[in-house]
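Here is a short report on a two-chain model.

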Amino acid sequence: MSISNVESPRVVSRGEWLEQRKALLAKEKEFTRLGDRLAAEKRNLPWVRVDKNYVFDGPERKETLAQLFGDKSQLLVYHFMFGPEWEQGCPTCSMAADNIDPNVIHLAHRDVNLVVVSRAPLAKINDFKKRMGWRFKWVSSFANDFNHDYGVSFKAEEMKGKFYNFDTSEFPAEEAPGLSVFYKDSAGNVFHTYTSYARGPEFLVGAYNYLDLVPKGRDEAGLPFTMAWVRHHDRYEE
Amino acid sequence: MTTQTPSIEDLSTHPVVTRDEWVEARKALLKKEKELTRQKDRLFAECRALPWVKVEKNYVFDTATGKRTLTDLFGDKSQLIIVHFMLGPEWEQGCIGCSFGADHYDGIVVHLEHHDVAFVVVSRAPLPKIDAFKKRMGWRFQWVSSQGSDFNYDYHVSFTDDAIAQGKVYYNYEVQPIDIDELAGTSMFYRDAAGDIFHTYSAYARGSELVGGAYGYLDHLPKGRNETGPGHNLGDWVRHHDRYGS
């Protein structure tokens, strides 16, 4: 994204600024309403009943997908990139997790359980979670097909083609990020209602929401890849 | 932040389909999602392309290290984000909605600070009141007091007794019937190499949703925001994170 305003700023009076700001506000309001309508469409998608019995390694015991709901009817799963052979979790998923962690208590009071799922074995997850100081529930899908079925882990032969984001994108690693939503009815049936990948869950990256509005924007043009500047929150050099 | 959240349909009658049918519907929606993401990119580019206004007034804040100017708040960064947090001089505690927002940004400030952004929260309450509430909430971000300065009034998030008595205040770029002395917003500033400071952007009301992302999760869930009253906004359900009870 361009940082042209920084290179040659246009400086105006408060009155002129207000005129332009108001014109932009009308577009912002229109965009906010478009977002509301699209959010309603996401919720209006049909559901798919989950018939497979996924079992996860949880912090205290093995838990089924149905058990991950706790006493809630809605379950949010953040697919955190942390492969079985990896030394640590992905840095950009970690930045999203910094945003997720304090939200869990609020969501719990909206009939929502938020659980983070990775394919790394539980002991590895627990160590990394402790290092990062997070409190959310994080379970391992190492022993089941969950990550593969929900399109966030790939077999070697799948990494070459377009298998990510509903078969629209390639992903260069064995693990990819995503956000999935499940619903449990009063009879205990579990339904998959929604999943988004790639830039879909970008709202989780709270830092981008701010960077998009400061003069330099994301300022990633000269970097080898987007988010190349991100470190684990305990690994920035002063 | 009132929204037109639809009433929750009876979820027991929600259509259930096969995986293939779902993927078809999901892919159609994905096109619209991508379109909206691109529209967001264009909108934010327009935000950054707004002209700037030079800040001529010398604002002074009470901070943990004494009196500091707006320039000082940049530290060694060229970009400054100010969150206007509703905590008036006479208030017992900070606003619940602003606290909800703070839970979102507390953990990401360290990332912004490593991308040429200083991030400071400002309220009009005296500093000891701010410090006590910040401690209770366990937040780490820098929070300073603008008491005695025109800052909150100039950026239209605090209102004089006169304006409130008349029942008309200027907020979110229009005169509105409002009867509270503090409101919320987010402002952006830039400091150039010569040390001049410019105001580049401010968002208020639901504009802060664009930066805060507070509703991002709920908007994806079957029940949505589910704010059915009495306020039809986050006041219906949000509490301070230490006040939810069991």
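Helix 3 of chain A has these buried residues: Thr92(A), Cys93(A), Ser94(A), Met95(A), Ala96(A), Ala97(A), Asp98(A), Asn99(A) and Ile100(A). The helix spans residues 91-100 and is mostly covered, with nine of its ten residues buried. Note that this is a predicted model.

Next, the contact between the chains. Chain A puts in 76 residues, and chain B puts in 80 residues. Several elements of chain A give two or more residues to the side that touches chain B. Among them are helix 3 and those in the table.

| Element of chain A | Residues |
|---|---|
| Helix 2 | 14-44 |
| Strand 1 | 47-49 |
| Strand 4 | 74-79 |
| Helix 4 | 104-108 |
| Strand 7 | 178-184 |
| Strand 8 | 190-197 |
| Helix 7 | 206-211 |

Which element of chain A gives the most to the side that touches chain B? Helix 2 of chain A does, with 22 residues. By class, the side of chain A that touches chain B has 40 nonpolar, 15 polar and 21 charged residues.

Strand pairing also crosses between the chains. Strand 1 of chain A runs parallel to strand 1 of chain B (residues 16-17), and two bridges join them. Trp47(A) has Val16(B) as its bridge partner in strand 1 of chain B.

Last, the domains. The assignment for chain A gives domain 1 as 12-44 and domain 2 as 48-203. In chain A, the C-alpha centres of domain 1 and domain 2 are 32 Å apart.

Notes:
Residues are numbered from 1 along each chain as its sequence is written. Chains are lettered from A and ligands numbered from 1 in the order in which they are written. This is a predicted model: local features need pLDDT of at least 70, side-chain atom pairs count only at pLDDT 80 or more; totals for chains, interfaces and linings use all residues. A residue is buried if 20 or more other C-beta atoms lie within 10 Å of its own, exposed if 12 or fewer, and partly exposed in between; C-beta atoms are placed from the backbone. Helices (H or I, at least four residues) and strands (E, at least two) are DSSP runs, numbered from the N terminus. Two residues are in contact if their C-beta atoms, placed from the backbone, lie within 7 Å. Ala, Val, Leu, Ile, Met, Phe, Trp, Tyr, Cys and Pro count as nonpolar, Asp, Glu, Lys and Arg as charged, and the others, Gly among them, as polar. Two strands pair if DSSP finds at least two bridges between them. Domain bounds come from an automatic or database domain assignment.
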